[in-house]
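This briefing is intended for a reader who has the sequence and the coordinates at hand. The points are grouped by topic.

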Amino acid sequence: FLLTAARCEPDRGEAMALSPYCPSYAPFFGFMGAALALVFGNMGAAYGTWKSAVGLCTIASLPSKNVQTEMVMKSIMPVILSGVCGIFGLIIAVIISSSMEAGENKYSLFSGYAHLGAGLTVGLSNLATGLALGMAGEIGVQDSARQPKLYIGMVLIWSFGSALGLYGLIVALIIAVKSGTELCKCTIDPAGLVDCSGL
C-alpha cells in the first residue's frame with residue numbers, strides 16, 4: 001500500500017483558537033493511566049493467586065488426619081482477596097476510559113496527568129497488595145492447616161494486606177474525577193500570550 005502524506009496547514013486564525021493546555025498528545029497520558037491501572041492490578045492479582053494457591057496445594061503433603069476439611073475451604077480466602085486487586089484496577093481503567101474524548105480542545109493535560117496519577121496510584125497499590133497476600137497467604141495457609149488456632153490471626157493479616165489496595169482505589173477515584181476541560185477554553189492571542197478570559 002502506498003500512503004500519501006498530506007501536509008495540513010491551518011490558517012493562522014484557526015491555529016490561534018487551539019488551547020496550549022489541550023494538545024493533541026494529551027490523551028496519551030490518560031490511556032497510559034488506564035493501561036497501568038489494569039496491568040499493575042492484574043500483576044498483583046496473579047502473584048497473590050499463584051503464591052496462595054501454591055500454599056493451598058502443599059496441604060496435600062500433610063497427613064490427612066491432621067487436616068480439617070473446612071480448613072481447606074477457608075484457606076481459599078487469600079486467593080479471593082488477591083483477585084480483588086484486578087477488579088480495583090479494572091474499575092479505575094473503565095472510569096478513565098469513559099471520561100476521555102477524541103478531538104482537539106476536548107482533553108486537557110490536567111486531565112491526562114490526573115488520570116495517569118490515578119492509574120499509577122491504584123495499580124501500584126494493588127501490586128503491593130498482591131505481593132503481601134501472596135507471601136502471607138502461602139505461609140499462612142500451610143500453618144493454619146497444621147494449627148487451626150492460627151486461622152483468625154492470619155485472617156487479620158490478610159485483611160490488613162488487602163486494605164492497601166482499597167486505599168489506592170479510594171485515592172484514585174478522587175484523582176480520576178478531577179476535570180480540566182475548562183482549560184481548553186484558554187487560547188493564545190496574537191501577541192503570543194495565553195488568554196483565559198473565557199473561563
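In which helix does Leu164 lie? Leu164 belongs to helix H6, which covers residues 151-176. The model described here is predicted. The protein contains six helices and two strands, and along the sequence these elements follow the pattern α-α-α-α-α-α-β-β. Of the 199 residues in the protein, 38% are buried.

**Surface patch**

- Leu164, Leu166, Tyr167, Ile170 and Ile174 together make a nonpolar surface patch of about 470 Å².

**Packing of helix H2 against helix H5**

- In general, a pair of packed helices is described by two quantities, the angle between the axes and the distance between them.
- Helix H2 (residues 26-57) packs with helix H5 (residues 109-146) at an angle of about 5°, and their axes are 7 Å apart.
- Helix H2 is therefore roughly parallel to helix H5, since angles under 35 degrees fall in that class.
- The contact of H2 with H5 comprises 21 nonpolar, 16 polar and two charged residues.

**Packing of helix H2 against helix H4**

- The axes of H2 and H4 come within 8 Å, with a crossing angle of roughly 175°.
- H2 is therefore roughly antiparallel to H4, because an angle over 145 degrees is counted in that way.
- In the contact of H2 with H4 there are twelve nonpolar and 13 polar residues, and no charged ones.

**Salt bridges**

- How many salt bridges does the structure hold? There are two salt bridges in the structure.
- One of them joins the side chains of Lys51 and Glu138, with an N to O distance of 2.9 Å.
- This pair links distant parts of the chain, as Lys51 is in helix H2 and Glu138 is in helix H5, 87 residues apart.
- Are Lys51 and Glu138 buried or exposed? Both of these residues, Lys51 and Glu138, are buried.
- Asp143 forms a salt bridge with Arg146, and the closest N and O atoms of this pair are 3.5 Å apart.
- Asp143 and Arg146 are both located in helix H5, where a separation of three residues corresponds to about one turn of the helix.
- Asp143 has a relative accessibility of 30%, so it counts as partly exposed.

- Gly83 is located in helix H4, which spans residues 77-98.
- With a relative accessibility of 32%, Gly83 is classed as partly exposed.
- Gly83 and Gly41 are separated by 42 residues in sequence, while their C-alpha atoms are 9.2 Å apart in space.
- Thr49 is part of helix H2, and its relative accessibility of 28% places Thr49 among the partly exposed residues.
- Between Thr49 and Ile76 there is a C-alpha to C-alpha distance of 9.5 Å, with a sequence separation of 27 residues.

Key. Residues numbered from 1 in each chain as written. Predicted model: local features only at pLDDT ≥ 70, side-chain atom pairs only at ≥ 80, totals over all residues. Heavy atoms only, no water. Patch = residues over 30% accessible without salt bridge, like charges linked within 9 Å, V, L, I, M, F, W, Y side chains within 5 Å. Areas by Shrake-Rupley, 256 points an atom, 1.4 Å probe, with all protein chains shown as cover. Salt bridge = Lys/Arg side-chain N within 4 Å of Asp/Glu carboxyl O. Helix = DSSP H or I, 4+ residues; strand = E, 2+ residues; numbered from the N terminus. Axes fitted to C-alpha atoms, helices over the stretch in contact; angles between N-to-C directions. Parallel < 35°, antiparallel > 145°, perpendicular 65-115°, else oblique. Nonpolar A, V, L, I, M, F, W, Y, C, P; charged D, E, K, R; others polar. Buried < 20%, exposed > 50% of the residue type's maximum accessible area, 1.4 Å probe, protein only.
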